[in-house]
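Trainee: Hi! Could you walk me through this structure? I'm new to it and would like to know where to look.

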Amino acid sequence: MLSYDELSAAERELWDAFPEGRWVDLRTGTAECDDPAGGAEWGPGRTVRAEVVSALLLGVNPPGAGSVASLRLAGARITGRIDLAGAEIGHVLWLKGCLLEHPVSFYGASTRTIRITDSRVPGVDAGLGRIEGHLELDGTVMDTGRLSLLNAHVTGELGLNRARITAPGKWALFAGGLVMGGASSVTASPRTEGCGCPARNCPAACTWPVRGWRHRAAWR
């Protein structure tokens, strides 16, 4: 179990902010220095371990009376693997302008809104998951892994504006059996290496500019 004493300064800031849902912004304010493409060079002051993120989302530091906890983190390099497969997550997660070194798994999990925006992550697996809220990956780059929404249920909206997803040799976006309660829109075309989406139920408006899908694409 994590001890507060063993946390880094950045992790302690996140730990303290979580119960009140406050943002922790580790960015410098300089675009070049804050580009997640160069996040591997970010030092200890901008590094947060995945196990700290996971522990907070699982309730290790609960909110006090009158507060709503959520994890909001910007400009961090997240080391290790966020693996929350099968978890019950009652808090919003928003990562903005972050570099995640490993794929993220919400496979079979029950979660609130998940936003990973303007970030870089090898892949996201939310297959068989139930997201009570939105799933937003606007502006996020996945260069080596895919987005899996296989048999997932998203009660809100799915956002992939300006996203770039590349998964050599397999579907970059695989959403067979996806059930959605809200809209799915891409106002600026995403770039992918292939898409399979035989959705079972998508009652709301869906806007997917065809010109954005490169190479293999299948809507079954």
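Mentor: Happy to. One definition before we start: rings of Phe, Tyr and Trp, taking the six-membered ring for Trp, form an aromatic pair if their centres lie within 6.5 Å, and planes over 60 degrees apart count as edge-to-face. Keep in mind too that this is a predicted model.

Trainee: Okay, how many aromatic pairs does the structure hold?

Mentor: There are two aromatic pairs. One is formed by Tyr4 and Trp15, with 6.4 Å centre to centre and 70° between the planes, an edge-to-face arrangement. Tyr4 lies in the segment before helix 1 and Trp15 in helix 1 itself, so the pair ties together parts that are 11 residues apart in sequence.

Trainee: Which charged end sits over the ring of Trp94?

Mentor: That of Arg115, 4.9 Å from the ring centre. There is also Arg46, whose charged end sits over the ring of Trp42, 3.8 Å from its centre.

Trainee: Where do the side chains of strand 9 point?

Mentor: Ile114 and Ile116 point one way, Arg115 and Thr117 point the other way, and all of them are buried. In a regular strand the side chains alternate between the two faces of the sheet.

Trainee: What does strand 9 pair with?

Mentor: Strand 5 (residues 92-96) runs parallel to strand 9 and is joined to it by four bridges. There, Lys96 has Thr117 as its bridge partner. Strand 12 (residues 135-136) also pairs with strand 9 in the parallel sense, over two bridges, and in that pairing Arg115 stands opposite Glu136.

Trainee: New topic. Where is Thr113?

Mentor: Thr113 is in the loop between strand 8 (110-111) and strand 9 (114-117). Its relative accessibility is 11%, so Thr113 counts as buried.

Trainee: What is Thr113 in contact with?

Mentor: Leaving aside neighbours within four places in sequence, Thr113 is in contact with His91, Val92, Leu93, Ile131, Glu132, Gly133 and His134.

Trainee: Now the core. Which residues touch the most other members of the largest nonpolar core?

Mentor: Of its 55 residues, those are Leu71, Leu73, Leu95, Leu100, Phe106, Leu147 and Leu149. The elements giving two or more residues to this core are helix 1 (9-17), helix 3 (50-57), strand 3 (70-74), strand 5 and strand 9. Helix 3 gives the most, with six residues.

Trainee: What is around Leu147?

Mentor: Apart from neighbours within four places in sequence, Leu147 has contacts that include Val124, Leu137, Met142, Leu160 and Ile165. Ala172, Leu173 and Phe174 are also in contact with Leu147.

Trainee: Back to helix 3. How many of its residues are buried?

Mentor: Seven of its eight residues, so to speak a mostly covered helix. The buried ones are Ala50, Val52, Val53, Ser54, Ala55, Leu56 and Leu57.

Trainee: What covers them?

Mentor: The cover includes helix 1, strand 2 (47-49), strand 3, strand 4 (77-79) and strand 5.

Trainee: And what follows helix 3?

Mentor: Helix 3 is followed by Gly59, whose phi is positive, near 95°.

Definitions and conventions: Residues numbered from 1 in each chain as written. Predicted model: local features only at pLDDT ≥ 70, side-chain atom pairs only at ≥ 80, totals over all residues. Heavy atoms only, no water. Buried < 20%, exposed > 50% of the residue type's maximum accessible area, 1.4 Å probe, protein only. Contact = heavy atoms within 4.5 Å. Pairing = 2+ DSSP bridges. Core = buried A, V, L, I, M, F, W, Y, C linked by side-chain atoms within 4.5 Å. Phe/Tyr/Trp six-rings, centres within 6.5 Å; stacked < 30°, edge-to-face > 60°. Lys NZ or Arg CZ within 6 Å of the ring centre and 35° of its normal.
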